[in-house]
Amino acid sequence: MLRWRPAVLAFALACIPAVAAAPGQDPDSPEVQAAARAALAHSKILDIQGITLGIEAVLKDLGAKVTATEIKIELDADVLFDFDKYTLRPEAAETLRKVGQAVAGYPQAPLLIEGYTDGKGTHPYNMKLSENRAGAVKAWLVANAGVEAARIRTAGWGETKPIAPNTNPDGSDNPQGRQKNRRVELTLRTK
Amino acid sequence: MAQTAPAPAPVATLATEDTNQPGIAADFTECKRKEGVLSVKIRFRNVSSAPAAVTLINARNYEAYYVTAANKKYFILKDSEGVYLTPRADGFGSLSAQLAPGDQYTWWAKFPAPPPDIKKVTFMTPLAPPFEDIPITDQ
């Protein structure tokens with residue numbers, strides 16, 4: 001009778017595949033395709049930390065407010081646009097490129113772009129100007145940062161949602177307050 | 001030992017890289033997304049005038065093959081018994097192919113697919129430099 005030494009037995013066992021039989025070797029067979037679909041339930045996908053940190057640096061540069069559910073970026077309209085215009089200034093590209101990098105890091109997240117004006121001018125005029133400015137930022141991100149248009153919604157709120165007083169308590173003009181109100185806000189819904 | 005095929009069928013090549021295995025070149029021939037699964041095929045060719053070997057898997061290093069897209073890293077899918085959805089290694093955890101001059105061997109693997117808005121991926125292998133910006137074909 002053949003007697004197996006432990007070392008020989010271990011060697012023989014090593015030659016047997018350690019896992020159950022793999023599905024057929026034809027990758028296009030229905031069997032393999034079904035196995036792949038079933039395997040999705042426990043797939044292994046990791047975050048790449050370096051790239052995540054890269055986005056974090058970009059968000060920091062932009063002064064973004066990051067919460068568990070959204071990322072809010074507030075851009076000074078005076079940096080993006082000339083007074084009373086909705087054509088982007090050439091200097092806006094650097095800021096918008098960073099916005100594009102941040103948005104690219106969250107390829108599934110919907111993006112809301114909202115324009116705001118200060119309290120000068122008529123309400124209809126301000127509404128239109130803020131809508132157009134939000135639209136200009138959207139158009140830039142679609143054309144230059146590869147953001148899908150379908151992900152982006154825009155809105156213009158004119159002077160209706162100030163974040164600072166447009167006038168001082170004595171009724172005089174408040175240029176600093178008005179400057180804060182002239183802005184474009186981007187909200188990325190990350191969850 | 002993996003089976004090899006002598007006749008190189010005309011298959012479209014998405015990218016080609018030299019490998020670190022003497023005499024072997026690698027063609028990326030398929031990157032297909034269907035029902036959440038990304039199917040990848042790479043054709044290894046003996047471009048030398050002498051027989052050459054290519055070792056695809058060594059010590060079950062399946063996780064040395066992965067796809068990156070955006071800020072994610074996607075590994076080869078495994079079934080519920082832990083079997084990787086790629087040609088199976090032998091009992092020693094190796095998969096290699098002996099190729100005569102002009103012979104080729106096509107390796108494949110199934111990965112979880114990146115989201116639909118991702119149109120290109122990078123494929124990492126221990127055998128060659130990264131295959132970058134490989135376009136995904138949706139089916």
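Here are legends for several close-up views of this structure, which is a predicted model.

**View 1. Chain A at a glance.**
Start with the layout of chain A, which has seven helices and six strands. Going along the sequence, they come in the pattern α-α-β-α-β-β-α-α-β-α-β-α-β. Chain A has 191 residues, and 35% of them count as buried. Among its contacts with a separation of 6 or more, 68% are between residues 24 or more positions apart. Chain A exposes about 11200 Å², with carbon and sulfur atoms supplying 58% of that area.

How many aromatic pairs turn up over all chains? A search of the whole structure gives nine. Take Trp107(B) and Phe123(B): their ring centres are 6.3 Å apart and their planes are at 55 degrees, a tilted pair. Trp107(B) sits in strand β8 (residues 104-112) of chain B and Phe123(B) in strand β9 (residues 120-125), so to speak distant parts of the chain, 16 residues apart. Trp107(B) is buried, at 0% relative accessibility, and Phe123(B) is buried too, with a relative accessible area of 0%. Phe123(B) also pairs with Phe111(B): here the centres are 6.0 Å apart and the planes are at 85 degrees, so the pair is edge-to-face. This second pair again links distant parts of the chain, with Phe111(B) in strand β8 and Phe123(B) in strand β9, 12 residues apart.

**View 2. The largest nonpolar core, and another one.**
The largest nonpolar core has 37 residues, and the members that touch the most others are Phe28(B), Phe44(B), Leu56(B), Trp107(B), Phe123(B) and Phe131(B). Which elements give two or more residues to this core? They are β2 (24-34), β3 (37-46), β4 (52-57), β5 (66-69), β7 (95-99), β8, β9 and β10 (128-135) of chain B. Look at Leu56(B): leaving aside residues up to four places away in sequence, Leu56(B) touches Phe44(B), Asn61(B), Tyr65(B), Leu95(B), Ser96(B), Tyr105(B), Trp107(B) and Leu127(B). Another core lies apart from the largest one; it has 30 residues, among them Val99(A), Ala102(A), Ile113(A) and Ala134(A).

**View 3. Asp118(A) in its loop.**
Asp118(A) belongs to the loop between β4 (111-116) and α6 (123-144) of chain A. Is Asp118(A) buried or exposed? With a relative accessible area of 6%, Asp118(A) is buried. Its side chain makes a polar contact of 2.7 Å with the side chain of Arg182(A). A polar atom of the Asp118(A) side chain also lies 3.1 Å from the backbone nitrogen of Lys120(A). Not counting residues up to four places away in sequence, Asp118(A) touches Asn126(A), Glu159(A), Asn166(A), Arg178(A), Asn181(A) and Arg182(A). Gln179(A) is 61 residues from Asp118(A) in sequence, yet the two are 7.0 Å apart in space, C-alpha to C-alpha.

**View 4. Lys41(B) and chain A.**
Lys41(B) is part of strand β3 of chain B. At 15% relative accessibility, Lys41(B) counts as buried, because the cut-off is under 20%. Which side chain makes a polar contact with the side chain of Lys41(B)? That of Asp28(A), at 2.8 Å. Setting aside residues up to four places away in sequence, Lys41(B) touches Pro27(A) and Asp28(A) in chain A, along with Asp27(B), Phe28(B), Thr29(B), Glu30(B), Thr106(B), Trp107(B) and Trp108(B) in chain B.

**View 5. Two charges over rings in chain A.**
Lys161(A) lies over the face of Trp157(A), 3.7 Å from the ring centre. Elsewhere in the figure, Arg183(A) lies over the face of Tyr116(A), at 3.7 Å from the ring centre.

Most residues other than glycine have a negative phi. Glu35(B) is not a glycine, but has a positive phi of about 50 degrees. You'll find Glu35(B) in the loop between β2 and β3 of chain B. Asp133(B), also not a glycine, has a positive phi of about 55 degrees. Asp133(B) is in strand β10 of chain B, and is exposed, with a relative accessible area of 52%.

Technical notes: Residues numbered from 1 in each chain as written. Chains lettered and ligands numbered in written order. Predicted model: local features only at pLDDT ≥ 70, side-chain atom pairs only at ≥ 80, totals over all residues. Heavy atoms only, no water. Helix = DSSP H or I, 4+ residues; strand = E, 2+ residues; numbered from the N terminus. Buried < 20%, exposed > 50% of the residue type's maximum accessible area, 1.4 Å probe, protein only. Contact = heavy atoms within 4.5 Å. Areas by Shrake-Rupley, 256 points an atom, 1.4 Å probe, with all protein chains shown as cover. Phe/Tyr/Trp six-rings, centres within 6.5 Å; stacked < 30°, edge-to-face > 60°. Lys NZ or Arg CZ within 6 Å of the ring centre and 35° of its normal. Core = buried A, V, L, I, M, F, W, Y, C linked by side-chain atoms within 4.5 Å. Polar contact = N/O pair within 3.5 Å; in protein donor to acceptor, adjacent residues only side chain to side chain.
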